[in-house]
Amino acid sequence: MYDLIALVTLLALGYFFGRIAESRHYKSIIQREQEYRDVVAIASKIPPMGERLDASILVSGSVVISVDYFKRFLAGLRSLVGGRIVAYESLLDRARREALLRMKQEARKVGADRVFNIKLETASISK
């Protein structure tokens with residue numbers, strides 16, 4: 001009985017605090033996307049024709065975002081029957097947008113107004 005109470009408590013806490021953290025992060029992302037909208041991010045290796053490139057500087061936007069206990073529990077249940085794990089989709093969306101924002105921030109610090117050759121990679125740190 002205590003195990004069930006502990007599980008439900010952890011799920012409720014994970015859901016509550018996870019929603020708050022995710023909501024705050026999305027608000028921060030939206031605000032900073034407006035702030036850095038003038039820094040263009042292009043996935044192509046090659047800049048548009050006619051662009052003069054004086055110097056290239058490497059910028060990066062590494063991000064590590066943890067999943068909350070509630071989403072991990074839901075994903076575990078979903079993996080039993082298969083299909084999309086919607087709980088993780090917002091996690092990936094936030095991480096990708098955060099990585100792009102960090103690249104744009106670094107680019108602006110060095111005086112650049114464009115970021116070329118964007119590569120995004122995802123990985124699981126623990127199993």
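**Salt bridges, a nonpolar core and a surface patch**

Arg114 and Asp113 join their side chains in a salt bridge, 3.7 Å from N to O. The term salt bridge stands for a side-chain nitrogen of Lys or Arg within 4 Å of a carboxyl oxygen of Asp or Glu. Arg114 is partly exposed at 33% relative accessibility. Asp113 is partly exposed too, with a relative accessible area of 45%. Buried means under 20% relative accessible area, exposed means over 50%, and partly exposed lies in between (1.4 Å probe, protein chains only).

The model is predicted: local features need pLDDT of at least 70, side-chain atom pairs count only at pLDDT 80 or more, and totals for chains, interfaces and linings use all residues. Residues are numbered from 1 along each chain as its sequence is written, and side-chain values use heavy atoms, with hydrogens and water left out.

The structure holds 7 salt bridges. One of them pairs the side chains of Arg97 and Glu33, at 2.8 Å from N to O. Arg97 sits in helix α3 (residues 86-109) and Glu33 in helix α1, so this pair ties together parts that are 64 residues apart in sequence. Helices (H or I, at least four residues) and strands (E, at least two) are DSSP runs, numbered from the N terminus. Arg97 counts as partly exposed, at 23% relative accessibility. Glu33 is partly exposed as well, at 27%.

Arg84 forms a salt bridge with Glu89, and their closest N and O atoms are 2.9 Å apart. Arg84 counts as exposed, with 55% relative accessibility. Glu89 counts as partly exposed, at 37%. There is also a network: salt bridges link Arg32, Glu98 and Arg102.

Two members of that network, Arg32 and Glu98, also turn up around His25. His25 belongs to helix α1, which spans residues 2-35. Its relative accessible area is 16%, so His25 is buried. Its side chain makes a polar contact with the side chain of Arg94, at 2.9 Å. A polar contact is a pair of N or O atoms within 3.5 Å; within protein, one must be able to donate a hydrogen and the other to accept it, and residues adjacent in sequence count only if both atoms are side-chain atoms. Leaving aside neighbours within four places in sequence, His25 is in contact with Arg32, Ile65, Arg94 and Glu98. Contact means heavy atoms within 4.5 Å.

Now to the nonpolar parts. The largest nonpolar core has 6 residues: Val39, Val59, Met103, Ala107, Val115 and Ile118. Such a core is a set of buried Ala, Val, Leu, Ile, Met, Phe, Trp, Tyr and Cys residues joined through side-chain atoms within 4.5 Å. With neighbours within four places in sequence set aside, Val59 is in contact with Met103, Glu106, Ala107 and Val115.

Met1, Tyr2, Leu4, Ile5 and Val8 make a nonpolar patch of about 630 Å². Patches are made of residues with over 30% relative accessible area and no salt bridge; like charges are joined within 9 Å, nonpolar side chains (Val, Leu, Ile, Met, Phe, Trp, Tyr) within 5 Å. Areas come from the Shrake-Rupley method with a 1.4 Å probe; for residues, only the protein chains shown count as cover. Ile5 is found in helix α1. Ile5 is partly exposed, at 46% relative accessible area.

Asn117 lies in the segment after β2 (114-115). Its phi is near 60°, a positive value in a residue other than glycine. Asn117 is partly exposed, with a relative accessible area of 33%.
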